[in-house]
Amino acid sequence: MRAVEVKKGIYWVGAIDWELTEFHGYLTQRGSTYNAYLIIDEKIVLVDTVKSHLTDELISRIKTIIDPSKIDIIISNHTEMDHSGSIPAIMKYCPNAEIVCSPMGEKGLKKHFDTTSWKFRVVNTGDKINIGKRDLSFILMQMVHWPDSMATYCLQEKLLMPNDIFGQHMASYERFVDEDRFDVVMEEAKKYFANILLPYSRQSQDAVSQIEKLDLDMIAPSHGLIWRGDDVKKILKAYDKWDSNICENKAVIVYDTMWGSTKEMAMSIYKAFEAKNINVEIKCLKKTHISDIMTDVLDAKYICVGSPTLNNTMMPTVASFLYYMKGLRPQNRIGIAFGSYGWGGQSLNEIEKVFEFLKYQTLDTIKFEYIPRKDDLEKMTKDLKNKLG
Ligand code: FEO
C-alpha cells in the first residue's frame, strides 16, 4: 500500500477504516481514517499510529519509504487506542526508538500496554526536539479530549499534527480537504466537534488560541482529510464559532411518537418557528441517529424535545438522546418540552429535568391528553408564535 507525501520528506502512512460504522456511540456512516505521519530526516520520526487491527496497513505503507527498524522516535500525541494501538507492533521493529509523549501520555500508555522496555521522553508545551533539518515542538492540550492530548508542530514546514482536534470521521482515497467536497468535509468536522469536543469547548478554545499564533500552512489531524492553504483559516474560523458556543436563530425539534399525537405536536411547533422565519428542522428519533442530531444542536438556539409518556417515563429513544446531549452539554439554550399522554404525563417532567440540569431557559411545556384536536394544534402554534416574540 502506498504512502502519500504531504510535504517534502513527510508522508501520510495511516490506515483507512472503510467499514467503521460506530465510534463509541457516534454513527460513522462515512467510515474513518487513522492518520500517522512519517518524517524522514537525520532522525526518522513516526507521529502516531493506527488502530491495532490495521497495523499491517500502517507497516506496509511505512515499508514503501523506509525499513520500520530505522524509526528513531515515535510521537504519541494521544493514548486512545485508535492512535496508539499499533505502537507495540512498531516497537518490535525498532525496540530502541524513543516514545515522545505528554506527562499524562506516559501514564496512559503505561496503563494500556506492557511498556517495561520502552524508553519514554516526556515533553511539555514549548519543548523542542531537533531531528536534523527540522525541529519539532509540542503544545499540551489537556482534555482536548483526553488528559494526555497534545499537538506536534514543525516550524520549518509550517505543519501542525494536532491529533483528534480538527478531525473528521471520513474514509476516502483523497488525503486533502481540497481534493474532496468541501461542504461534506465541513459537515463531518462539525459532527466531530459536536460529538467529541463539545464538552471541552473551553479547553478547545485555549488550544485554538495557541494554534492561531503559529505560522501555519497545513493542519494534519489524526482522522479524515488534511487542511492546507486557505482551508486552514476556514477550519480555524469554524472552531472559533463552535467552541465559543455561538448559536444561530435556529430550532431543532427532536421527538419520538407512539400513535402520532406527539408527531402532530412537533409539526405545530414547526409551524410556529416557520411563521417567525426561524430556521427549523424536525428530527424523528425513529429515523435519525442521536450523533447526527447533535450536529444540528451544535448551533441551534432552541432545543425542542417531545416524547409521549410510556411506562411512567419517556420513550427510550428520547431518553437516549437526552442523556447523550446531557453528557455533551451544549450551553445557554432555550428548551421546549412537549408530548401527549394518556393518564400520567411523566415524560414532560423527565424532559424538564434535563433542561434544568443543563440550565436552559424553558420557553414552554406543552402537553395534550391522548389526541390533540385540530383547533388545539392551531392554538398551540399561535401561542408558541406569540412566545417567540
Ligand atoms: Fe481519535 Fe481520541 O481518539
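**Figure 1. The largest pocket.** In this predicted model, the largest pocket takes up about 340 Å³. A pocket here is an open set of points on a 1 Å grid over the protein atoms alone, where a 1.4 Å probe fits and protein lies on both sides within 12 Å along at least five of seven lines. Grid points are joined across faces, edges and corners, and the volume is the space filled by probe spheres set on them. Lining residues have an atom within 4 Å of a point; there are 19 here, and Met258, Thr309, Tyr341, Gly342 and Tyr370 sit closest to the centre. Helix α8 (261-275) and strand β21 (334-341) each give two or more residues to this lining. Helices (H or I, at least four residues) and strands (E, at least two) are DSSP runs, numbered from the N terminus. By class, the lining has eight nonpolar, eleven polar and no charged residues. Ala, Val, Leu, Ile, Met, Phe, Trp, Tyr, Cys and Pro count as nonpolar, Asp, Glu, Lys and Arg as charged, and the others, Gly among them, as polar.

**Figure 2. The second largest pocket.** This one holds about 150 Å³ of space. Its lining is made up of His24, Tyr26, Glu80, His145, Trp146, Asn195, Ile196, Pro199, Tyr200, Tyr324 and Leu328. At least two of the lining residues come from α5, and at least two from α10 (316-328). Sorted by class, that gives seven nonpolar, three polar and one charged.

**Figure 3. The largest nonpolar core.** Zoom in on 90 residues, with Ile71, Phe166, Trp227, Ile235 and Phe321 having the most contacts inside the core. Such a core is a set of buried Ala, Val, Leu, Ile, Met, Phe, Trp, Tyr and Cys residues joined through side-chain atoms within 4.5 Å; buried means under 20% relative accessible area (1.4 Å probe, protein chains only). Helix α5 (residues 182-197) puts in the largest share, nine residues.

Figure 4. Leaving out residues up to four places away in sequence, Ile71 touches Leu38, Ile44, Leu46, Ile62, Ile66, Ile90, Cys94 and Ala97, where contact means heavy atoms within 4.5 Å.

**Notes.** Numbering starts from 1 along each chain as its sequence is written, and side-chain values use heavy atoms, without hydrogens or water. Local features need pLDDT of at least 70 and side-chain atom pairs count only at pLDDT 80 or more, while totals for chains, interfaces and linings use all residues.

Note on methods:
Buried means under 20% relative accessible area, exposed over 50%, partly exposed in between (1.4 Å probe, protein chains only).
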